[in-house]
Amino acid sequence: MGRTGLARVSLASLPTPLEMRPDLARELGIGSLAVKRDDLTSAVYGGNKVRKLEFLLGQAIAEGRTAVVTFGAYGSNHALATAVHARALGLEPHAVLSPQAPGPFARATLLAHAGLGTQLHPVESWEGETEGARVAAMLAERDGVEPLVVPMGGTNARGIAGYVEAAFEVAEQVEAGLAPKPTVVYVAGGTLGTALGLAIGFAALGWPTRVTAVRVTPAEIANLQAARRLAGEAIELFARFDRSFSGLRFEDLALVLREEWFEPGYGVVTPETLEAVRVGGRHGLKLETTYTGKAFAAMAADAAQGALRDESVLFVDTYSLAPPPDPGPKDALPPVLRAYVDECERQFGA
């Protein structure tokens with residue numbers, strides 16, 4: 001247990017490094033730049049999802065569940081990370097997957113599911129709740145115990161705890177002299193759990209650090225109304241264990257949701273994200289075009305306008321540096337996902 005007081009399982013290699021990047025800061029025009037290397041949370045797989053899964057799968061184990069049902073897009077790193085770590089804990093993984101534009105990374109994710117034997121349930125839209133409820137009812141009848149239903153991105157009060165703890169981890173590293181206290185954070189905003197956890201944690205510490213969540217998912221998933229609801233639920237839960245959360249309100253969180261980087265759609269490769277991947281790679285950061293590339297592109301654009309010249313910036317690298325699990329056969333996938341993998345290969349190669 002950490003300060004949030006919730007049961008957890010140990011999955012992540014913590015603390016992750018906090019690295020100063022003076023050369024990259026000079027190139028971009030940033031006062032100072034540190035990178036939180038949450039691409040290194042696990043040598044197995046997972047990126048930022050591992051911190052959340054410590055608490056979510058910890059709940060599943062504590063409650064004697066036998067299966068997990070989660071949600072995501074076809075190429076969801078969250079769905080794959082959940083499957084990887086659920087399997088390792090003896091839990092059967094199920095994923096309800098929604099369509100996304102073909103991309104260079106989604107093919108490998110789906111083939112990794114085939115190798116793991118994840119039970120995949122494709123749907124036709126981002127509204128997967130009905131299918132998730134059907135799968136959960138089927139598993140409950142089969143096993144005599146309900147599966148743990150993990151929301152998209154692992155974002156609920158328990159999942160958010162992972163990044164509240166990450167904010168406290170950053171504070172300890174700042175205190176140790178590894179980096180200055182950040183004035184602004186850039187992080188990809190998918191379901192907003194990572195950004196909310198950081199914002200709640202910094203608010204509990206009394207830091208005015210501004211957390212900039214760069215929206216990479218449709219507005220019906222990442223929006224301020226959802227953020228307000230999730231923050232309220234999380235703060236209420238954490239306050240049961242630590243009084244530093246008592247009295248916090250959504251208005252106390254220095255959270256900024258940036259909307260302008262989402263288009264033309266989820267997972268669509270843009271010139272800006274390709275340039276972000278290229279620049280990051282030149283400085284030893286492995287980014288991708290759906291999440292971290294868009295967050296980096298937003299940071300670089302703000303810096304180019306002179307907005308970060310006097311700021312102490314923290315970029316949270318949420319991508320998994322560990323490669324996906326060994327691929328399985330394409331024929332093991334449901335037909336619609338086989339066709340999608342074929343299209344990814346046609347556009348981006350195998």
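A polar contact is a pair of N or O atoms within 3.5 Å. In this predicted model, such a contact is found at the start of α8, where a side-chain oxygen of Asn-223 comes to within 3.2 Å of the backbone nitrogen of Gln-225.

The helix α8 has 15 residues, which at 1.5 Å a residue should span 21 Å, and this agrees with the 21 Å between its end C-alpha atoms. Its buried residues are Ala-226, Ala-227, Leu-230, Ala-231, Ala-234, Ile-235, Leu-237 and Phe-238. Viewed down the helix axis, the buried residues of α8 fall within an arc of 155 degrees, and so they line one face of the helix. Gln-225 and Glu-236, on the other side of α8, are exposed. The packing partners of the buried residues are α6, α7 and β9.

The largest nonpolar core contains 46 residues, of which Leu-196, Leu-198, Ile-200, Val-211, Phe-238 and Leu-255 touch the most other members. Two or more residues each are given to this core by α6 (157-175), β7 (184-189), α7 (193-205), β8 (210-215), α8 (224-238), β9 (255-258) and β10 (312-316). The most come from α6, which gives 11 residues. Beyond its neighbours within four places in sequence, Ile-200 is in contact with Ile-160, Val-164, Ala-231, Ala-234, Ile-235, Phe-238, Phe-245, Leu-248 and Leu-253. Another core, of 32 residues, lies apart from the largest one and includes Leu-28, Val-35, Met-299 and Leu-308.

An open sheet is formed by 4 strands in the order β5-β4-β3-β6, and the pairing is parallel. The edges of the sheet are β5 (119-122) and β6 (148-149); each has a single partner strand, so one side of each is left without a neighbour in the sheet. The parallel pairing of β4 (residues 92-98) with β5 runs over 4 bridges. Val-96 has His-121 in β5 as its bridge partner.

Some backbone features remain to be described. Leu-14 and Pro-15 are joined by a cis peptide bond with omega of about 0 degrees, and Pro-15 belongs to the segment before β1 (18-20). A cis peptide bond also joins Glu-263 and Pro-264, with omega of about 10 degrees. Pro-264 lies in the loop between β9 and α9 (271-282). Leu-192 is not a glycine, yet its phi is positive, at about 75 degrees. This residue, Leu-192, is placed in the loop between β7 and α7. Buried means under 20% relative accessible area; Leu-192 has 5% relative accessibility and therefore counts as buried.

How values were computed
Residues numbered from 1 in each chain as written. Predicted model: local features only at pLDDT ≥ 70, side-chain atom pairs only at ≥ 80, totals over all residues. Heavy atoms only, no water. Core = buried A, V, L, I, M, F, W, Y, C linked by side-chain atoms within 4.5 Å. Buried < 20%, exposed > 50% of the residue type's maximum accessible area, 1.4 Å probe, protein only. Contact = heavy atoms within 4.5 Å. Expected span 1.5 Å × (residues − 1). Arc of directions from axis to C-beta. Polar contact = N/O pair within 3.5 Å; in protein donor to acceptor, adjacent residues only side chain to side chain. Pairing = 2+ DSSP bridges.
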